Amino acid sequence: MSFTRIEPAPAPVRGMELPTANASYLALARALWARVDAWLAQPRTAQRVVLWLAIYLAAAANWPLWDELARIGGAPSTYLPTSAAMAVLMVCATVALLSFTAWSRWMKPLWFAVVLLAAFVQHYMLEYRVVMDPTMIANVLQTDPNEARDLMSWRMAFHVLLVVLLPALALWRARIVPMRFVSKLWRNAALLVLALALALVAAVSMNRQLAPLMRNNVHLRYMMNPVASLYSAGSVLIKPMFKRSRKLVPITAGTALGASYAGQARPPMFVLVVGETARADHFGLNGYARDTTPELAARGVLSYRDVHSCGTNTLASVPCMFSPLGKQGYESRKDDYENLVDVLQAAGLAVLWLDNQAGCKDVCTRIPNASAFDSLTPAQKNALCDGEECLDDVLLKGLDARIAALPAERRAKGVVLVMHQMGSHGPAYYKRSAPEVKRFLPECKTNALAECGHAELQNVYDNSIAQTDHFLGQTIDWLKAQSGQYDPSLLYVSDHGESLGEYGLFLHGVPYSFAPEAQKHVPMVTWFSQGMTERRKLSRSCMEAGLDTPLTHDNLYHTVLGLMDVANSTYKPALDALASCRNRA
């Protein structure tokens with residue numbers, strides 16, 4: 001019997017360790033990447049790249065649309081065929097658009113820009129449930145740096161990177177086959193025709209399901225990403241180039257001051273506060289369970305409880321509410337018209353627009369106007385501002401000097417001051433109230449609203465309403481101090497409302513025809529000094545009896561002209577909310 005001697009295994013030489021599990025995984029990953037990289041680097045036509053890009057965007061950048069279709073459709077057997085048809089239509093529409101770019105490798109930056117746009121759009125649709133209709137795109141283009149900063153978050157960066165990383169890598173490595181111009185031209189034309197033909201077949205075959213769906217849910221057409229965004233952007237940027245330029249229609253001819261100015265003891269001073277993003281149902285004055293408006297209540301104001309806005313965003317509402325045309329006339333107009341502040345100035349009054357917002361949307365271009373941020377002292381900026389974004393209290397800083405700078409002959413007749421608030425502008429509601437005003441805690445301290453519970457979101461929004469209450473209270477106190485020199489009064493009305501998660505919606509800007517009540521039902525508050533009450537013979541009991549009368553932004557133009565006793569051919573007594581309560585004992 002023999003024995004085999006088993007030698008001990010030699011110690012591993014330093015630097016030549018045996019393979020480990022991690023090393024195996026690393027080798028596998030490298031091999032997999034090599035295969036992927038080799039596949040990505042294969043020569044491809046620009047047309048094929050466009051086709052793959054359209055399919056990818058339909059799958060990766062349209063989760064809000066698929067979720068909405070599932071919510072509307074109910075059972076999977078109902079919404080899955082519709083979703084499939086919508087996917088085909090969207091891919092075909094994207095291919096049709098991108099077929100105009102399928103030329104060479106120099107189109108890669110443009111393709112990546114489309115992907116980046118789709119990623120950002122999907123983030124905001126997911127986060128705030130907005131849709132990218134032309135009005136929303138116009139709002140985006142008019143957003144100032146402060147508002148844009150409020151919309152930035154790590155959550156946004158994650159959502160965007162999740163969509164763009166894969167196509168960015170693919171576009172970087174893709175090798176586009178060079179072709180002659182004629183060859184590329186007929187291929188692009190064929191791709192366009194094929195996409196349109198397939199879309200037509202899908203639309204006709206599913207017309208019975210798609211037609212009522214799209215007719216009853218108009219917002220779906222603006223959720224098709226990136227087609228809707230590209231269409232809306234084109235509508236805002238390109239369409240005006242092919243329209244005739246609008247002319248400015250004058251309406252101030254014959255404007256005159258009424259009989260109340262003859263031999264007046266004191267001129268009137270009227271402050272019109274244009275609110276921002278305030279909901280009527282969150283005002284304590286209107287029966288809200290929380291007392292968000294104690295300072296206004298203590299000052300004996302009148303709150304109109306059934307007022308609706310002209311639009312669901314600032315760009316739509318502010319010019320409309322100052323227009324003599326009303327909502328229907330303003331939206332169907334062919335030309336631009338002079339507005340309320342033009343008429344007041346033409347009457348000889350001293351008019352000033354003071355802004356704590358991203359501009360007056362061309363309403364104040366023909367009258368004196370200023371930013372509330374201007375001429376602030378360093379101490380005031382430190383106390384009231386975060387960068388160039390300030391609490392509305394700045395509107396009252398240096399106000400006496402601003403009024404004194406207006407022409408003396410106009411001030412002797414009367415003063416009209418328009419204050420455009422920052423108000424409750426979202427999503428950074430936590431920036432809209434001072435620490436001493438924050439009564440409702442804990443509050444949402446992020447602009448990623450979906451990360452907050454509803455109670456926290458309600459708290460932070462209500463704190464912004466409480467800040468507006470404080471600001472309006474301070475404004476009334478300032479007006480009271482002017483009573484020895486003027487007959488003061490105030491009217492406050494918000495431009496639009498806000499969604500706070502109801503129906504899965506946040507912020508505002510949903511197209512008006514199907515926007516929720518929260519985005520259209522706005523507060524309107526009035527205050528009259530004893531001097532103005534006597535001057536215009538206003539009956540308080542009459543006004544109190546009309547607080548539930550249905551009103552809209554259409555009433556603002558005529559109500560202000562009537563209150564200020566300014567005669568103009570555009571004035572309509574039927575739309576003057578105070579007409580029946582004036583000139584009464």
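How many disulfides does the structure hold? It holds five, a disulfide being a pair of cysteine sulfur atoms within 2.5 Å.

Before the details, a word on the source. This is a predicted model, where local features need pLDDT of at least 70 and side-chain atom pairs count only at pLDDT 80 or more, while totals for chains, interfaces and linings use all residues. Residues are numbered from 1 along each chain as its sequence is written, and side-chain values use heavy atoms, with hydrogens and water left out.

Counting bonded cysteines along the chain, the pairing pattern is 1-2, 3-4, 5-6, 7-8, 9-10.

I will go through some of these pairs. In the disulfide of Cys310 and Cys320, the sulfur atoms are 1.8 Å apart. The torsion about its S-S bond is 65 degrees, a right-handed link. Cys310 lies in the loop between β6 (302–308) and α13 (314–321), and Cys320 in helix α13; helices (H or I, at least four residues) and strands (E, at least two) are DSSP runs, numbered from the N terminus. Cys310 is buried at 3% relative accessibility, and Cys320 at 2%. Buried means under 20% relative accessible area, exposed over 50%, and partly exposed in between, using a 1.4 Å probe and protein chains only.

Next, Cys360 and Cys364 have sulfur atoms 2.2 Å apart, and their link is left-handed at -85 degrees. Cys360 is buried at 8%, Cys364 at 5%.

For Cys385 and Cys390, the sulfur distance is 2.1 Å. This disulfide is right-handed because its S-S torsion is about 100 degrees. Cys385 and Cys390 are both buried.

By contrast, Val182, in helix α9 (residues 181–205), is exposed at 60%.
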